[in-house]
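Let's take a friendly walk through this model together.

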Amino acid sequence: MMNNLINESILKGLPYDTYRNVIKDLLNQGKSTGPNQSEDLLNYSKLNDKRMDRLDKTLKISEETSSALKDFNNNYTFLVISEGWCGDAAQVLPVLNKIAESSSNIDLKIVLRDENEELMNKFLTNNSKSIPKIIVLDSANNVINSWGPRPSIATKMVQDYKTAHGVLDANFKKDLQLWYNKDKGQNTQNDIIQLLKAS
């Protein structure tokens with residue numbers, strides 16, 4: 001059952017460039033991805049589209065990441081659950097794309113969360129539909145690991161802030177974006193390499 005779901009999801013999955021174009025086409029129509037449309041989601045989507053444009057131009061894969069990628073002989077598919085309005089996805093997906101571009105062994109496919117509820121429900125984080133969620137598949141499309149919705153340092157920042165303040169407020173979200181800007185995708189690269197080593 002799970003294999004059918006994964007195989008169907010891969011067939012539906014969009015390459016990174018197509019995903020970016022889908023979001024841009026929707027923005028041109030004044031829409032965000034997903035069935036729920038609101039001013040907030042549209043504004044987040046616009047902001048994220050600009051962020052991703054910038055990251056696509058400026059992100060660099062570290063020498064450590066490049067070197068580690070050369071050591072992997074197996075083929076992997078990164079099946080990613082995302083939405084255009086998601087701030088964490090806007091920071092993580094450009095990094096995944098650069099990793100996939102740097103390795104002939106990695107294929108990146110992206111599906112939208114709200115169009116793939118059955119898949120999302122199999123990969124919840126603490127019972128929530130948190131995205132982005134990366135499902136790592138082997139060459140036979142077996143699930144060998146999953147990761148997300150944030151890099152490990154950002155995850156700890158979220159946990160610590162929730163413990164201290166109960167909720168994630170606007171101040172925290174600003175701090176998180178500042179951290180992402182300073183980190184420049186390094187923590188995500190490290191996490192993904194560790195994930196592949198453990199697989």
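Is K184 buried or exposed? K184 is exposed, because its relative accessible area is 54%, and the cut-off for exposed is over 50%. Keep in mind that this is a predicted model. You will find K184 in the loop between α8 (170-183) and α9 (186-198). Its backbone deserves a look too: phi of K184 is near 55°, a positive value in a residue other than glycine.

N127 is exposed, with a relative accessible area of 73%. Most residues other than glycine have a negative phi, and most peptide bonds are trans.

A cis peptide bond joins I131 to P132, with omega about 0°. Another cis bond links G148 and P149, with omega about 5°; P149 lies in the loop between β4 (143-147) and α7 (152-165).

Now turn to the helices. The axes of α3 (residues 39-58) and α5 come within 9 Å and cross at roughly 25°, which makes α3 roughly parallel to α5. The crossing is right-handed. Among the residues making this contact are R51 and L55 of α3 and Q91 of α5. The contact residues divide into 5 nonpolar, 3 polar and 3 charged.

Finally, zoom in on Q91, in helix α5 (residues 87-102). Q91 is buried, with a relative accessible area of 5%. Leaving aside neighbours within four places in sequence, Q91 is in contact with R51, L55, Q177, Y180 and N181.

Notes: Residues numbered from 1 in each chain as written. Predicted model: local features only at pLDDT ≥ 70, side-chain atom pairs only at ≥ 80, totals over all residues. Heavy atoms only, no water. Helix = DSSP H or I, 4+ residues; strand = E, 2+ residues; numbered from the N terminus. Buried < 20%, exposed > 50% of the residue type's maximum accessible area, 1.4 Å probe, protein only. Contact = heavy atoms within 4.5 Å. Axes fitted to C-alpha atoms, helices over the stretch in contact; angles between N-to-C directions. Parallel < 35°, antiparallel > 145°, perpendicular 65-115°, else oblique. Left-handed = near helix turned anticlockwise from the far one by under 90°. Nonpolar A, V, L, I, M, F, W, Y, C, P; charged D, E, K, R; others polar.
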